[in-house]
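Reader: I would like to work through this model feature by feature. Please take the general idea of each before the case at hand.

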Amino acid sequence: MFKWYGNGGVDFKQHLRINKIINNGNEFLADCTFQKHDPINLKVHGLFFNDKFLAWIAASNDQQ
């Protein structure tokens with residue numbers, strides 16, 4: 001979420017919330033809220049593979 005926002009001035013404890021994580025083996029989906037101004041709900045997808053970790057956010061146009 002920090003890199004998704006990209007404008008700096010983010011306090012991890014105040015602005016980034018992980019509401020729920022659904023784990024499915026080597027994949028997960030996290031329901032998150034970014035709240036620096038108005039709250040923005042985000043879905044963070046994650047994948048573990050070859051001792052590596054990849055996470056991404058697929059945001060709609062109104063959340064970019």
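Author: Start with a pair across two strands: in strand 3, K43 is the bridge partner of D31. Keep in mind throughout that the model is predicted.

Reader: How many salt bridges are there, and which residues form a salt bridge?

Author: The general idea is a distance test: a side-chain nitrogen of Lys or Arg has to lie within 4 Å of a carboxyl oxygen of Asp or Glu. By this rule there is 1 salt bridge. D31 and K43 form it, and their closest N and O atoms are 3.4 Å apart. D31 belongs to strand 2 and K43 to strand 3, so the pair ties together parts that are 12 residues apart in sequence.

Reader: How are strand 2 and strand 3 joined?

Author: For strands, look at the bridges and at the direction of the pairing. Strand 2 and strand 3 run antiparallel and are joined by 8 bridges.

Reader: What lies on the strand 1 side of strand 2?

Author: Strand 1, residues 16–24, pairs with strand 2 in the antiparallel sense over 8 bridges. Here I22 stands opposite L29 of strand 2. This is also a hairpin, with 2 residues between the strands, and G25 in the turn has a positive phi of about 70 degrees.

Reader: What is the order of the strands in the sheet, and which strands stand at the edges?

Author: The order is 1-2-3-4, in an open sheet of 4 strands with antiparallel pairing. Strand 1 and strand 4 (52–57) stand at the edges; each has a single partner strand, so one side of each is left without a neighbour in the sheet. From one strand to the next, the twist averages 20 degrees.

Reader: What does the side chain of T33 make a polar contact with?

Author: First place the residue, then look at its surroundings. T33 is in strand 2, and its relative accessibility of 10% means that T33 counts as buried. Its side chain makes a polar contact with the side chain of N41, at 3.3 Å. Leaving aside residues up to four places away in sequence, T33 touches M1, H15, L16, R17, N19, P39, I40 and N41.

Reader: Where is K36 found, and which residues does K36 touch?

Author: K36 is in the loop between strand 2 (27–34) and strand 3 (40–49). With a relative accessible area of 24%, K36 is partly exposed. Not counting residues up to four places away in sequence, K36 touches Y5, G8, G9, V10 and H15. For one of these, Y5, the separation from K36 is 31 residues in sequence and 9.7 Å in space, C-alpha to C-alpha.

Reader: Which backbone oxygen atoms does the side chain of K36 reach?

Author: The side chain of K36 reaches the backbone oxygen of G8 at 3.2 Å. It also reaches the backbone oxygen of G9, at 2.7 Å.

Reader: How many aromatic pairs does the structure hold?

Author: Aromatic pairs are read from the distance between ring centres and the angle between ring planes. The structure holds 6 aromatic pairs. Among them, F2 and F12 are stacked, 5.3 Å centre to centre and with 25 degrees between the planes. The pair links distant parts of the chain, with F2 in helix 1 (residues 2–5) and F12 in helix 2 (residues 12–15), 10 residues apart. F2 is partly exposed, with a relative accessible area of 41%, whereas F12 at 52% counts as exposed.

Reader: Why is the pair of W4 and F34 edge-to-face?

Author: Planes over 60 degrees apart count as edge-to-face. The ring centres of W4 and F34 are 5.7 Å apart and their planes are at 70 degrees, so the pair is edge-to-face. W4 lies in helix 1 and F34 in strand 2, so the pair ties together parts that are 30 residues apart in sequence. W4, with a relative accessible area of 22%, is partly exposed, whereas F34 at 3% counts as buried. Ring pairs link W4, Y5 and F34 into a cluster.

Conventions. Residues are numbered from 1 along each chain as its sequence is written. This is a predicted model: local features need pLDDT of at least 70, side-chain atom pairs count only at pLDDT 80 or more; totals for chains, interfaces and linings use all residues. Side-chain values use heavy atoms; hydrogens and water are left out. Buried means under 20% relative accessible area, exposed over 50%, partly exposed in between (1.4 Å probe, protein chains only). Contact means heavy atoms within 4.5 Å. A polar contact is a pair of N or O atoms within 3.5 Å; within protein, one must be able to donate a hydrogen and the other to accept it, and residues adjacent in sequence count only if both atoms are side-chain atoms. Two strands pair if DSSP finds at least two bridges between them. Axes are lines fitted to C-alpha atoms, for helices over the stretch in contact, and angles run from 0 to 180 degrees between N-to-C directions. Rings of Phe, Tyr and Trp (its six-membered ring) pair if their centres lie within 6.5 Å; planes under 30 degrees apart count as stacked, over 60 as edge-to-face and the rest as tilted.
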